[in-house]
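Dear colleague,

I am passing on the structure below, and after it you will find some notes on what turned up when I went through it. Please read them alongside the sequence.

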Amino acid sequence: MKRRSIPLAVTAHTATAAAGAGRGALLQALRDGRSGLRPCRFAPFGEVHAVDTWTGDIDGLEAPLPEPWQAFDCRNNRLAYAAIRRDGVLDAARAAVDRHGAWRVAVVAGTSTSGLLEAEGAYRRAVDGRLPQSFRYDKTLNVQSLAELLAALTGARGPAYAVSTACSSGSKVFAAAERLVAGGLADAVLVAGVDSQCLTTLHGFRSLELLSPRPCRPFDRDRDGISLGEGAGFALLERREAAPGAAIVLAGSGESSDAHHMSAPHPEGLGAELAMRDALDAAGLEPGDIGYVNLHGTASRANDLAEGLAVHRVFGDAVPSSSTKGWTGHALGAAGMLEAVIAMLALEHDFLPGTLNLADPDPACRARVLTEGVERRVDRVLSNSFGFGGTNSSLVFARADVAAGR
Amino acid sequence: MMRCHVTGVGLWGPGLPGWPAAVEMLRGQAPWVHADAARPAAAALPPAERRRATQATRVAVTVAGEAIAAAGADPSSMPSVFASSASNPDIIDEMCAMLATGRHDLSPTRFHNSVHNSPAGYLGIAVGSRQPSTSLGAFDSSAAAALLDAALQVSLDGRPVTLVSCDLPYPGPLGTVRPVLGTWGVALVLDGAAHAPDDARLTLRYGAHRPATTLDDARLEQARLDNPTARLLPILRALACREDADVDLDFGPQATLTVTVRHG
């Protein structure tokens, strides 16, 4: 039986994706049906990598990080730095450090490729097998660099580390944070999910034949692959007693593994089902208590079928769900965080996003998937994220003013 | 403060193809011969996965298997925590080098093996566990971070957890800026209660930075500094010698994870 989670107040949150920078812009894009995907013309080193796919690349990351953060300079950290200053998150994190004391604020950062683009660039400029002097491995490529930057930006001195579990990273950070608070190691945790484009990701997914040549169509009968995206999102989680005015709580989280195959999900979504049921148990809830499910919904043939079957087994026909990757693309290690923030937008604004590009829902996927957005107040939402290696994570967020569970 | 017991240990290191060999060496009963160890068996991996598995995965599965067998635990029922500073540095080097020449035909298998959590994914397949698995990184403190999260899970959920830490060198240009020496893998099964009377009890405390605990033997001390997983050596030495110890592990530049090891 899954342990009951300690509900944590979400005292600040933000997300920046191709569809919008910050919560307001993202919500507007969701309401307007305005996608952030464009034909791929990624050109980090001059030559254009015109892979036949659409991607959600984020503009405006040309400026290097200012001092004293220069050593951390790489695309991933530039994106993190730009994003965390929106919606008051950096300010809130610094205030939490003041309020709780630096040692009581932890940082858990999800990323899959970190500063890999920077390393790719350094290899292109290598001379006699040596990389340029300017390349800072520990503050760019190494997976820890984001956590270290965030700790330095906020002044947090509690445990700071990276979770890197491919496409579930940005979701699993929430569960890790709950453990830190429940175990008495922290009173507040800044969780993050940041991932950015690089050649390895682009050509790697292409070689796996997982990229769609069109904007992705989650859960469509004709879906034919994913659209990659970039993203950066953050949430500040605190003990409820310390944040009585918070509007949203993380009510529970569930995690599981598929133990099936490294790059294909369990065909019936058994691991996904486990993660969802564990998240509900952790929150003390029944499936019928959930008003909206944000699907992982990558638009790969395999994921949407497996996830759809699993969602239908758990929630039946009653609970509306959607995939928002048609707006943001699949932001890999950031996806779980982007979609946690989108799920929270649904709670805050009484708006359930539809599924962009879904024209002909695949009946084989079974789950009730919204094509269009719906104006509706819901009290509790669930968000799924699944990754390579068969790693599954589900989160439940609830309005703070509604009893979180039995 | 968190508390747990060590009910099983697995190890792979230079010239150390298993925990019994490491125990002999750490007790001073056998000299440490830095031989290139035979390839880790990773017997628990199904043949198709074993063919595709990276060195890191083979080490992780091998040491986890050893620890789980020693603990007499049922691996399919256990969550796992995997740690590495960079789990597949050889693949990262290979792909960066290929891309730098203008070639874009990355191997799909090598690509999906490049994710930080790929050893953990293979481990889950090997033991058939649907329990949660996480993969962490914290640069030179990766093992400390994993110890922290694993101990938290044991304390909160009251069930055993497998911790696996594995680090190997970067070949090529990245190896010149990130010198990791040797291939080390360590696995610990941590449980809320002891199984055997001499199972060590660990207590963990996170706090302000203190100098990391060093080892008296010069070669062991060098190994500890040369490989992030080998940062666990002072704890392993205490376990091998059945001695009590207070071990300070670096946890980032400003903090320390103090691990007290008690026997009996």
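Arg75(A) touches Ile58(A), Leu61(A), Leu117(A), Glu118(A), Ser196(A), Gln197(A) and Glu230(A), leaving aside residues up to four places away in sequence, where contact means heavy atoms within 4.5 Å. The side chain of Arg75(A) also reaches the backbone oxygen of Ile58(A) at 3.0 Å. Arg75(A) lies in helix 2 (residues 75-84) of chain A, helices being DSSP runs of H or I with at least four residues, and strands runs of E with at least two, numbered from the N terminus. With a relative accessible area of 18%, Arg75(A) is buried, a term that means under 20%, with exposed over 50% and partly exposed in between (1.4 Å probe, protein chains only).

This is a predicted model, in which local features need pLDDT of at least 70 and side-chain atom pairs count only at pLDDT 80 or more, while totals for chains, interfaces and linings use all residues. Residues are numbered from 1 along each chain as its sequence is written, chains are lettered from A and ligands numbered from 1 in the order in which they are written, and side-chain values use heavy atoms, with hydrogens and water left out.

The model scores ipTM 0.98 and pTM 0.98. For chain B the mean pLDDT (the predictor's confidence in each residue, from 0 to 100) is 95, and 100% of its residues reach 70 or more.

In helix 1 (residues 19-26) of chain B, the buried residues are Trp19(B), Ala22(B), Val23(B), Met25(B) and Leu26(B). These residues pack against strand 1 (2-12), helix 3 (55-71), helix 9 (218-226) and helix 10 (233-240) of chain B. Just after helix 1 of chain B, Gly28(B) takes a positive phi of about 80 degrees.

Best regards

Key
A polar contact is a pair of N or O atoms within 3.5 Å; within protein, one must be able to donate a hydrogen and the other to accept it, and residues adjacent in sequence count only if both atoms are side-chain atoms.
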